[in-house]
Amino acid sequence: MPSSRIAFRHEANPVEAITEQAGASDDGDDADPPLSPAGPLSLREVRVPHAAKLVLGLCVTAFCAILYAARNLDFYFDEWSFIGTAGHWQLRDYFVPHNEHWSTVPMLIYKALLDTVGLRSYLPYLGVLLLLHVSIAFLLFLIIRRRGGDVLALSAAAVMLFLGRGYENLLWAFQIGFLGSVAFGLLAIYLLGGGGGEVPGRLRAVGGSAALLLALMSSGIGLFFFAAAAVDLFLDGRRRRLLWVHIAPGLAYLWWYFTFGQEAVAQDHTHFGLKTLEGLVGYAPVGIGSAAAGTFALSPLWAPVALAGLTATAVLLWYRKRLDTGLSIAAAVAIVLQYTLTGLVRARYGDNQAMAPRYAYIGAVFVLMILAEALRDARWRGVRRAFVPITAACMVAGGATVLVQQAGRWTDTLTTQKYELEITWLFRDAPSLDRTVVLDRRLLPVVDPSLYIATRLRYGTHLPELTVAQLAGIKPLIVNSEMRTLLPLHVTSTTSSTPLPAQCRSAVPTGSHVDLTVPDGSTASVQTLGAHAASQVNLAAWYLGNKPDGGYQQWWSVTSGHDLTIAFPDSGQHLSWHFRLTDASGGTVAVCVGAH
């Protein structure tokens, strides 16, 4: 571009008449799209002053806003797999797959963070995640700008930054693996001239090859960007000779797969067969449609409409331009590959699984590439001048709204988890503590008391240390449920040895109940009264509140000559348990605390 100012001979519109100094370009070393000397501009020819700086400002804004919205979140679900084992990792462990993924890069990140900040704050982990996220948006801007111009590139970056329908990848630090693959994958495409850039030199090509390797080492998502980069190079005769950059990362992945990954994938393909292939028929279209809908901040209910629109756009685009379609063909191949390979493992869980926000985030990257290519030649005149900016603004507003809502929901959910962990720590020395029980099968499926206590001692915590008195300030359902999990009630049926003493007998006629207060570590005995009698009794135990909360309830049969012996847990805190026995059928039963 010449060093003098460039002005478009066009309507006196401030956006169309934007001028820019080439010598003061702030957007890298890629050549700008060709400009029309006169007449209506195409969308790709419109210039926005300091476009890259504007995107960087949006990146900082998004980083701070999302970090603030997620400030009360915490370590969750799969993260505890890393937390519980990181202290013992050897070199080989960094190559062992996690959920079929090559996860060396996220493992190294977690190891570094655990050894420095430990579990004393979740914000550094989220900070790394969001750094990857804003890098993805900025790289997407650079790539789309090469062929699509400033307006489309800015719009795509803004949509990506506030992609609320991909909230899992923005609120859960463990998604460092997925976002690492996307960031390194886009970096590789950028370095290799994807999107219409100049043919890179050897140094940039080597950098692109290294980025592809890092994408593969972050998660299986790297495979989709590996394929996108290969298709992009193959379709461009000028850069086709650079396909050699795939050799090293491709061989490395094959080595990893046959050395470490094959067994894990084979285990998860236990149910692979014709049914799995049939599942792909619905899984892949639902997933692609959900990603397209999510890009527009729409719910997965719009997936069929979004899929139809995206398909029509792609077909018309390729029909009009044949192979001169920038990254759109590569992006289309990648998104189809994404949901096909994912479906081979996940389709058996149903089509709804394809709508997962973590997959929609990745698919949105490819959708934005396709849409940018489709719109780049649209004329910038009349109402069209406002169409792209207004649509992008609506998409950003919708995405941000969804993101804030989901951050609130996750905060509420993980508040329960925090209480569960605090209660676990409170009773860490309880004589009756079950150290092998799963703390919460929904939120903490790999965490038992032994693992939590050991990791808290090793890495610290940001959670307060509860006292027994403070339990009263927590919802009774949370307290009772977790205490029953940690300190289970033990019930056994034994042969009756002696009759119940009269002074500790409590008669329970059919259909009624009796409530007792039982000290820590004591026992109770239940007998049926009368020869040859049998009863069905319901037992419920809890700590807070005046009645059972629907948590721990068991049905037991009591027959003549056999007692139910109930051993109440010892919390080590000199607590008293509430106990209710209900006789639902049969005769009358008696309960005696302190028997045996």
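Let's start at F77, which sits in the loop between α1 and α2 (79-85); helices here are DSSP runs of H or I with at least four residues, strands are E runs of at least two, and both are numbered from the N terminus. Before I go on, please keep in mind that this is a predicted model, where local features need pLDDT of at least 70, side-chain atom pairs count only at pLDDT 80 or more, and totals for chains, interfaces and linings use all residues. Residues are numbered from 1 along each chain as its sequence is written, and side-chain values use heavy atoms, with hydrogens and water left out.

Back to F77. Its phi is near 50 degrees, a positive value in a residue other than glycine. As a reminder, most residues other than glycine have a negative phi. F77 is partly exposed at a relative accessible area of 28%; under 20% would be buried and over 50% exposed, with partly exposed in between, using a 1.4 Å probe and protein chains only. Which residues does F77 touch, leaving aside those up to four places away in sequence? They are W172, R442, L443, P445 and V446, where a contact means heavy atoms within 4.5 Å. Take V446: 369 residues separate F77 and V446 along the chain, yet their C-alpha atoms are 7.3 Å apart.

H50 also has a positive phi without being a glycine, at about 55 degrees. You'll find H50 in the segment before α1 (51-69), and with a relative accessible area of 46% H50 is partly exposed.

Now let's step back to the whole protein. We have 16 helices and 9 strands. Of the 596 residues, 53% are buried. Among contacts with a separation of 6 or more, 81% join residues 24 or more positions apart. The accessible surface is about 25400 Å², and carbon and sulfur atoms hold 62% of that; these areas come from the Shrake-Rupley method with a 1.4 Å probe, and for residues only the protein chains shown count as cover.

On to helix packing. Two packed helices are described by the angle between their axes and the distance between the axes. The axes are lines fitted to C-alpha atoms, for helices over the stretch in contact, and the angles run from 0 to 180 degrees between N-to-C directions.

Helix α6 (residues 176-191) packs on helix α13 (residues 357-375) at an angle of about 15 degrees, with the axes 10 Å apart. That makes α6 roughly parallel to α13; the cut-offs are under 35 degrees for roughly parallel, over 145 for roughly antiparallel, 65 to 115 for roughly perpendicular, and oblique for the rest.

Helix α13 has another partner in α12 (residues 328-346): their axes come within 8 Å and cross at roughly 160 degrees. So α12 is roughly antiparallel to α13, and α12 passes α13 in a left-handed crossing. The α12 residues in this contact include A331, I335 and Y339, and those of α13 include G363, F366 and I370.

Finally, the charged pairs. How many salt bridges are there? The count is 11, with a salt bridge being a side-chain nitrogen of Lys or Arg within 4 Å of a carboxyl oxygen of Asp or Glu.

One of them joins K111 and D115, with the closest N and O atoms 3.5 Å apart. K111 and D115 are 4 residues apart in helix α3 (residues 104-116), so about one helical turn separates them. K111 is buried at 18% relative accessible area, while D115 is partly exposed at 47%.

R376 and D377 form another, at 3.7 Å between the closest N and O atoms. Here R376 is buried at 10% relative accessibility, and D377 is partly exposed at 32%.

Then there is R428 with E465, at 3.6 Å from N to O. R428 lies in the loop between α14 (384-426) and α15 (449-459), and E465 in the loop between α15 and α16 (476-486), so this pair ties together parts that are 37 residues apart in sequence.

And last, D232, D236, R238 and R239 are linked in a network of salt bridges.

Terms used:
A crossing is left-handed if the near helix is turned anticlockwise from the far one by less than a right angle, and right-handed if clockwise.
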